Amino acid sequence: MTTAARTSAGLLLHRAGPAGVEVLLGHMGGPFWARKQQGAWTVPKGEPLDGEDPHDTALREFAEEVGVPAPPGDEVDLGEVRQRAGKVVRVWARAADLDLDGLASARGPVSEVTVDWPPRSGRTVTFPELDELRWLPVEDARPLVVAAQAAFLDRLLEHLAGRPR
C-alpha cells in the first residue's frame, strides 16, 4: 500500500534591497526551534484543505501565518521540492514589499500549533507557527532556510536573471 506524500503550498515575497534581492522568511515557532537559526527559517506555507487549489492554499496560509493578506504583485510559480521528511512543497514567488515595522499594528491573529512539550510528557504548549518574520538578502537566507527550500531561492534568482529553469 502506498501513502500519498504530504503536501504544502507557500508564497515567497521578494523585493529589491540594498544588498540585492531580499526574501521574506519566517522563523519556525516553538521550543524545538527556539535556539536554532540554521534550517529553522521557512517560506510561509501550509497544507491544503480538502479539494483546495494549491495557489489558493499558498495565499490562505500566507495570511494565516503572517497575519495579513499578501500584498499584490507579479508572481511566478517556482515549482516543487521534496523536503527530507518527504513533504512536497510548492511555492510561488511574488514581487511585493511588506512593511514589517508597521505589521504589528495591522496584524490579525496568526496560526498556532499545540504540541506535547517536552515530547511524551503529557503537557502541551501552544505557540505561533512562525515566531519571527524577516527580510533577508538571498545569500544570507540560504544557510538559514530549510535545506530543500534553498532550491526556491535559486529558482527565483534564475527567473529574475531571465534564465529558464
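This is a predicted model: local features need pLDDT of at least 70, side-chain atom pairs count only at pLDDT 80 or more; totals for chains, interfaces and linings use all residues.
Which side chains meet in a salt bridge with an N to O distance of 2.7 Å? I looked it up: the pair is Arg-134 and Glu-132. My rule for a salt bridge is a side-chain nitrogen of Lys or Arg within 4 Å of a carboxyl oxygen of Asp or Glu.

Residues are numbered from 1 along each chain as its sequence is written, and side-chain values use heavy atoms, with hydrogens and water left out.

Next I checked accessibility (buried is under 20% relative accessible area, exposed is over 50%, partly exposed is in between, with a 1.4 Å probe and protein chains only). Arg-134 is partly exposed at 29%, and Glu-132 is partly exposed at 31%.

Then I counted: the rule gives 12 salt bridges. One of them joins Arg-15 to Asp-97, with the closest N and O atoms 2.6 Å apart. Arg-15 sits in strand S1 (residues 7–17) and Asp-97 in the loop between strand S6 (88–95) and helix H2 (100–106), so this pair ties together parts 82 residues apart in sequence. Helices (H or I, at least four residues) and strands (E, at least two) are DSSP runs, numbered from the N terminus.

Last stop, helix H1 (residues 54–66): Arg-60 and Glu-64 both lie there, 4 residues apart, about one turn of the helix. They form a salt bridge at 3.2 Å between the closest N and O atoms. Arg-60 is buried at 18%, while Glu-64 is partly exposed at 30%. I also found both in a salt-bridge network with Glu-52 and Glu-61.
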